[in-house]
Amino acid sequence: MAIEQIKMPQLGESVTEGTISKWLVSVGDKVNKYDPLAEVMTDKVNAEVPSSFTGVIKELIAGEGDTLAVGEIICTIEIEGSNGAEAIPVEQKSVATESVAAPQADQGNKARYSPAVLKISQEHGIDLTQVSGTGAGGRITRKDLLKLIESGTIPVAGSKVEELQQPAAAKQEVVQPAAASQPAAAVSAAPTVNIPVAAGDIEIPVTGIRKAIASNMLRSKHEAPHAWTMMEVDATNLVEYRNALKDEFKKKEGFNLTFFAFFVKAVAQALKEFPQINSMWAGDKIIQKKDINLSIAVATDDALFVPVIKNADEKTVKGIAREISELAVKVRTGKLRSEDMQGGTFTVNNTGSFGSVQSMGIINYPQAAILQVESIVKRPVVMNNGMIAVRDMVNLCMSLDHRVLDGLICGRFLARVKEIIENTSKATTSIY
């Protein structure tokens, strides 16, 4: 018999943690390799974690609702036929997966902290040098810190113990200095806030996926210096062309020919001409991506998912429309896979689908920009000949990471998208 570990997988690019939403097995259950063990939520996808082994569930280390960093152990499985390998205690084996070491090397495993331990300590202002761990070799575990917090005492730098008998505002004063010295990604997305609850108020628990969305959006706003620009586009020719085709297209192809498909195609074409936009910030360098993989935002009642249209520049309007339809169905039926979320290089958001006419999107980290396609509305417009006409107008709103991009290149990019859309017609554009 041997004990094997199942760890939190990375369910998407830039995903750093996941939340156990539901266990599909219990301790003592017999499972086969590839059987689903748990449902996991991230800010990008809902997915099932499969078993890597055939055996019996030994321990469920994480509980439902717990959020763990990628690589942390979620459960253990007792397996047979391992060539006489001895069972390895979970705490001892997990030390090999931890890579963040504190300066106090003489403290052994106690000075090696997992991402989850570091995150909790930063959120609560805990001085880890004053914490006694229960893991192998005195290593501090996530459970040690949670138990410490529940007990009402927090050791902070310069003192033995900090009592939690203080108002929420005072607690934040302890947390903030610890977080301020860390990278922005370590800042808590859900600081304690003391808000009075009156009769009739409704308290809605924050779900794991909502916490993950909050964390990712906060990281993007903290790390990327956002700038914003907007361009007005006359989409009258596009509207006439699409409306003339939509009924026959739906009857022939079985899915809708949406305006959004034309905008995605235009963005893909413009990105090919302005590859600087298709870039990411990597600290000491900028990575300009070769492939044009467009992330599209798809919303459900309580969450936002960002599946990816791969190699969008190589697809026709029809091909893009098909992928938009298929990905939207996957999101809304809970069948979106982790591979559907990976590899995005630029995001196009269809904010016009719910009537928005102007908005500023938060960049989908680590991408360098996001484009909001707003609602197409009829408005009076002064034409070049001085006459006033009713035209179908749309605003294109672009948020950019000013570390990577400047206003000049983004203005030229938007102008090219505008040109493509304004010249879309039966005479110039094929959907096949």
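In this predicted model, strands S22 and S23 form a hairpin in which five residues lie between the two strands, and Gly-386, located in the turn, has a positive phi of about 90°. Strand S22 spans residues 377-382 and strand S23 spans residues 388-401, and the two pair in the antiparallel sense over six bridges. Within this pairing, Val-377 has Met-393 of S23 as its bridge partner.

A further antiparallel arrangement is found in an open sheet of four strands, whose order is S5-S4-S2-S7. The edges of this sheet are formed by strand S5 (46-50) and strand S7 (67-69), each of which pairs on one side only. On average, and with direction ignored, neighbouring strands of the sheet are turned by 40° against each other. Strand S2, comprising residues 17-23, pairs with strand S4, comprising residues 36-41, in the antiparallel sense over four bridges, and the bridge partner of Trp-23 in S4 is Ala-38. In general, the strands of a sheet pair through backbone hydrogen bonds, in either the parallel or the antiparallel sense.

With regard to the whole protein, the secondary structure amounts to nine helices and 23 strands. Of the 432 residues, 44% count as buried, and the accessible surface comes to about 21800 Å², with 52% of this area belonging to carbon and sulfur atoms. Among contacts with a separation of 6 or more, 63% are accounted for by residues 24 or more positions apart.

The C-alpha atoms of Leu-271 and Phe-346 are separated by 9.0 Å, although the two residues are 75 residues apart along the chain. When neighbours within four places in sequence are left aside, Leu-271 is in contact with Ile-277, Asn-278, Ile-292, Leu-294, Phe-346 and Phe-413. Leu-271 has a relative accessible area of 1% and is therefore classed as buried, the cut-off for this class being under 20%.

At the surface, a nonpolar patch is formed by Trp-228, Met-230 and Met-360, which together have about 280 Å² of accessible area. Trp-228 lies in strand S13, which covers residues 226-234.

Technical notes:
Residues numbered from 1 in each chain as written. Predicted model: local features only at pLDDT ≥ 70, side-chain atom pairs only at ≥ 80, totals over all residues. Heavy atoms only, no water. Buried < 20%, exposed > 50% of the residue type's maximum accessible area, 1.4 Å probe, protein only. Contact = heavy atoms within 4.5 Å. Areas by Shrake-Rupley, 256 points an atom, 1.4 Å probe, with all protein chains shown as cover. Patch = residues over 30% accessible without salt bridge, like charges linked within 9 Å, V, L, I, M, F, W, Y side chains within 5 Å. Salt bridge = Lys/Arg side-chain N within 4 Å of Asp/Glu carboxyl O. Pairing = 2+ DSSP bridges. Axes fitted to C-alpha atoms, helices over the stretch in contact; angles between N-to-C directions.
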